[in-house]
Amino acid sequence: MPDAAHDLSLLAINLTRRCNLACAHCYLDAQTLRQGDGDELSTAEVQALLDDVATLAHGTMVVLTGGEPLLRKDLEPLIRHGSALGLPMVVGTNAVLLSERRVRSLKSAGVLGLGISLDSLDPACHDRFRGQPGAWAKTMAGIERCRRNGVDFQLHFSVTDANAHELPAMVEFAQSCGARSLNVFFLVCVGRAQSVMALAPQRYEELLADLIRLQAGYPGLIVRPRCAPHYKRIAHQLQPQAAINRISGREGDGCIAGIHYARVNHRGGVTACPYIEQEVGNIRASTLSTLWANAADFARLRSPALTGKCGACEYRMLCGGCRARPLANGGGLMDADDLCAYEPQGRALVRPMVNLVNAAPHWSPEAEQRLSRVPDFLRPMVKKRAEAHVSGLGENRVTVRHLSDLSAARFGPAGPPKFFVDGARPTRESEKA
């Protein structure tokens with residue numbers, strides 16, 4: 001059985017393979033409306049999956065994605081079902097179908113927020129990447145409708161050689177349009193993404209360093225890489241004295257595949273992440289909770305025996321590399337991530353802060369009470385960040401003041417998302433009150 005260190009914090013569910021666009025980088029190789037797969041999970045099957053996830057009692061965040069999940073007519077009932085179970089429900093969308101009515105419908109159903117894909121501030125560039133003229137204008141209209149209706153959203157930017165120069169402008173736009181965060185995705189070449197030219201390793205390194213500098217310049221916006229665990233190593237190299245840079249990426253800002261994260265595809269297949277195609281089982285034959293506890297590949301990811309330069313690297317406990325990339329390149333799950341330009345130096349292992357003896361400061365009763373109101377799926381990461389912050393100040397006691405300072409730095413004047421207020425989803429009745 002997985003212990004508390006391996007709680008399922010995040011679950012992605014591909015509700016459909018159908019899509020209204022034809023994106024060049026689609027890992028699912030999503031099909032058009034007429035070519036959709038007829039073997040999608042039914043409403044009842046997804047509801048049963050959510051029921052099972054809720055039994056894990058970790059407040060797992062659930063991301064409903066596709067294809068394009070807005071094509072599912074039962075999307076709102078599924079959101080409502082998950083929310084009633086206490087699961088934070090998020091939708092990942094290209095936003096082309098986000099009409100005013102649909103935004104309000106999603107909000108009424110209890111959606112926590114939307115993850116909206118935007119790959120360029122140049123309409124022509126975005127439309128080429130997304131495979132449909134006019135997609136950019138519709139996506140921008142969807143973003144404005146979310147803002148106008150008070151629906152939290154974050155932007156997803158898939159970075160390639162063609163748009164990497166836009167990164168600073170995209171960060172500025174994310175802040176100006178009211179996004180909660182900007183997730184910068186570094187491609188794993190599976191599905192249709194096999195035809196997209198991957199970034200050169202050195203360019204990859206440069207962009208990760210740029211992201212660290214941009215985050216420092218935009219404290220009111222969360223700017224974070226996705227599928228780029230080397231971010232932890234680069235952050236430590238740039239500022240080795242910062243305690244927060246010694247939190248393992250396995251704790252939330254690196255690769256958490258099979259450790260805190262899993263994916264269920266549109267046919268019920270369970271994988272460690274969307275870019276690892278090898279299934280560990282299927283919810284039509286088992287339960288996710290059983291597979292999460294017992295799958296051999298998940299056990300390997302939780303106690304990795306890395307090979308190649310990843311296995312020899314002094315940063316392996318902070319980073320560990322992407323486990324999907326070697327598989328996509330024809331290798332094994334534990335092979336080296338060849339997108340990393342770093343060569344191990346043979347120095348002493350850089351140990352995560354949480355593994356250092358007596359590293360964690362004490363908590364005041366008031367701070368512990370406030371921490372208890374943080375959603376279950378975020379509480380471990382918030383706890384570690386608070387302890388790293390306090391250790392970095394040379395102090396040994398976490399107080400409410402420290403938590404307030406971290407909240408202000410992380411979320412800016414808008415404050416944390418609504419879900420952070422009391423650690424529980426409001427009921428439809430309380431929303432009307």
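This briefing describes side-chain packing, aromatic rings and salt bridges in one protein structure. The model is predicted, so local features need pLDDT of at least 70 and side-chain atom pairs count only at pLDDT 80 or more, while totals for chains, interfaces and linings use all residues. Residues are numbered from 1 along each chain as its sequence is written, and side-chain values use heavy atoms, with hydrogens and water left out.

**Nonpolar cores**

- In soluble globular proteins, nonpolar side chains tend to be buried together.
- A nonpolar core is a set of buried Ala, Val, Leu, Ile, Met, Phe, Trp, Tyr and Cys residues joined through side-chain atoms within 4.5 Å.
- Buried means under 20% relative accessible area, exposed means over 50%, and partly exposed is in between (1.4 Å probe, protein chains only).
- The largest nonpolar core has 91 residues, and L114, L155 and F186 have the most contacts inside it.
- Helix α7 (residues 201-217) gives this core its largest share, seven residues; helices (H or I, at least four residues) and strands (E, at least two) are DSSP runs, numbered from the N terminus.
- Another core, of eight residues, lies apart from the largest one and has A367, V374, A386 and V390 among its members.
- Leaving out residues up to four places away in sequence, F186 touches V159, L199, Y204, L207, L208, L211, P225, R226, C227, A228 and R325; a contact means heavy atoms within 4.5 Å.

**Aromatic rings**

- A pair of aromatic rings is described by the distance of the centres and the angle of the planes.
- Rings of Phe, Tyr and Trp (its six-membered ring) pair if their centres lie within 6.5 Å; planes under 30 degrees apart count as stacked, over 60 as edge-to-face and the rest as tilted.
- The count by this rule is three aromatic pairs.
- Y315 and Y342 form an edge-to-face pair, because their ring centres are 5.7 Å apart and their planes stand at 75°.
- This pair links distant parts of the chain, 27 residues apart: Y315 is in the loop between α11 (308-312) and α12 (324-328), and Y342 is in the loop between α12 and β11 (362-363).
- Y315 is buried at 6% relative accessible area, and Y342 is buried at 11%.
- The charged end of R302 sits over the ring of W292, 4.4 Å from the ring centre; the rule asks for NZ of Lys or CZ of Arg within 6 Å of the ring centre and within 35 degrees of the ring normal.

**Salt bridges**

- Side chains of opposite charge can pair when their charged atoms come close.
- A salt bridge is a side-chain nitrogen of Lys or Arg within 4 Å of a carboxyl oxygen of Asp or Glu, and the structure holds 23 of them.
- D74 is buried at 11% relative accessible area, and R72 is buried at 5%.
- E76 and R102 meet in another salt bridge, at 2.7 Å from N to O.
- E76 lies in helix α2 (residues 75-84) and R102 in helix α3 (residues 100-109), so this pair ties together parts that are 26 residues apart in sequence.
- E76 is buried at 8% relative accessible area, and R102 is buried at 17%.
- R148 forms a salt bridge with E144, with the closest N and O atoms 3.5 Å apart.
- Both R148 and E144 lie in helix α5 (residues 135-148), four residues apart, which is about one turn of the helix.
- R148 is partly exposed at 47% relative accessibility, and E144 is partly exposed at 29%.
- Salt bridges with shared partners join E100, R104, E144, R145, R147 and R148 into one network.
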